[in-house]
Amino acid sequence: MASPPRVRLGRVAALIGAVALTATVSAVSLVREPATSATAGTGAAVVETVAPVITAAGEQAHTTRELALQTQRTKALAEKKAKQQAAKAKASPPPPASSGEGRRIVFDQSDQRVWLIEADGTVDRTYLVSGSRFDNLQPGSYAVQSRTRHATSFDYTGTMEYFVQFTTGQNAPIGFHSIPVYNNGKPEQTIEQLGQALSAGCIRQEKSDAKYLWDWAPDGTPVVVTA
């Protein structure tokens with residue numbers, strides 16, 4: 001009868017060790033395996049989606065701030081202008097004494113200033129002008145004779161707007177109008193020079209004032225000129 005095979009303990013131990021080593025290497029490989037390309041792609045897509053949303057929100061906030069600042073600046077400028085106009089109106093002198101009654105235009109040559117006065121004596125508007133540098137307009141009472149939207153100077157060197165005639169001088173009609181402009185397009189004087197006697201006979205006004213008087217004074221409106 002044959003004897004059973006002998007189990008060699010050394011071989012068994014070596015076999016068990018090899019199996020354990022293989023299992024350990026496989027586990028380490030699984031732990032160190034990098035993310036798949038599908039996973040990496042998903043992360044990039046999320047970043048690319050979130051970034052534009054954040055950028056758009058930032059731009060909207062910036063635009064909102066700019067609009068708020070612009071509104072504040074516009075409001076501040078309007079308030080400043082209103083205060084300046086109120087101060088100017090408060091500082092404006094009253095019309096000269098003995099300058100007539102009722103609804104009328106008053107032009108004072110010494111102050112180079114015009115007043116538009118309503119029937120109840122209320123000053124509707126007053127502003128500086130540039131009258132004649134010559135002694136060719138006598139103080140007295142006149143009336144608006146005609147109105148011409150666009151006019152030409154008597155020597156044909158320039159033009160003016162909103163001409164309101166109330167008398168006639170030695171060479172040409174005399175009235176209120178905007179600052180004349182030479183034929184080359186250059187104004188004959190600046191707005192800052194209003195208040196000085198610079199014309200050849202008429203009363204020069206800032207364009208906005210000239211238009212206002214044009215609308216305010218129809219033919220027949222009394223004009224009082226004081227010394």
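1. The count of salt bridges comes to 6. A salt bridge here is a side-chain nitrogen of Lys or Arg within 4 Å of a carboxyl oxygen of Asp or Glu. Side chains of opposite charge can pair when their charged atoms come close. This is a predicted model: local features need pLDDT of at least 70, side-chain atom pairs count only at pLDDT 80 or more, and totals for chains, interfaces and linings use all residues. Residues are numbered from 1 along each chain as its sequence is written, and side-chain values use heavy atoms, with hydrogens and water left out.

2. Start with Glu161 and Arg149. They form a salt bridge, with their closest N and O atoms 2.7 Å apart. The pair links distant parts of the chain, 12 residues apart: Glu161 sits in strand E6 (residues 158-168), and Arg149 sits in strand E5 (residues 146-152). Helices (H or I, at least four residues) and strands (E, at least two) are DSSP runs, numbered from the N terminus. Glu161 is buried, at a relative accessible area of 18%. Arg149 is partly exposed, at 31%. The cut-offs are these: buried means under 20% relative accessible area, exposed means over 50%, and partly exposed lies in between (1.4 Å probe, protein chains only).

3. Next, look at Arg204 and Glu188. Their salt bridge has its closest N and O atoms 2.8 Å apart. This pair also links distant parts of the chain, 16 residues apart. Arg204 is in strand E9 (residues 203-205), while Glu188 is in the loop between strand E8 (181-182) and E9. Arg204 is buried, with a relative accessible area of 6%. Glu188 is partly exposed, at 24%.

4. Where do Asp215 and Lys211 lie in helix H3? They are 4 residues apart in H3 (residues 207-216), so about one helical turn separates them. Asp215 is partly exposed, at 48% relative accessibility. Lys211 is partly exposed too, at 38%. Salt bridges that share partners also join Arg149, Glu161 and Lys207 into one network.

5. Now turn to strand E7 (residues 173-178). How many of its 6 residues are buried? The count is 5, so E7 is mostly covered. A hairpin of 4 residues joins E6 to E7. These two strands pair in the antiparallel sense over 4 bridges. Two strands count as paired if DSSP finds at least two bridges between them. Val164 stands opposite Phe176 in E7.

6. E7 has a parallel pairing as well. With E9 it pairs over 3 bridges. His177 stands opposite Arg204 in E9. That is the Arg204 that forms a salt bridge with Glu188.

7. Then comes an open sheet of 5 strands. Its order is E3-E2-E1-E10-E4, with mixed pairing. Strand E3 (123-128) and strand E4 (140-143) stand at the edges. Each has a single partner strand, so one side of each is left without a neighbour in the sheet. The twist averages 20° from one strand to the next.

8. Look inside that sheet. Strand E1 (residues 104-108) and strand E10 (residues 222-226) run parallel, joined by 4 bridges. Asp108 stands opposite Thr226 in E10. H3 packs on the sheet, touching E1, strand E2 (113-117) and E3. Contact means heavy atoms within 4.5 Å. The direction of H3 makes about 145° with that of E3. Axes are lines fitted to C-alpha atoms, for helices over the stretch in contact, and angles run from 0 to 180 degrees between N-to-C directions.
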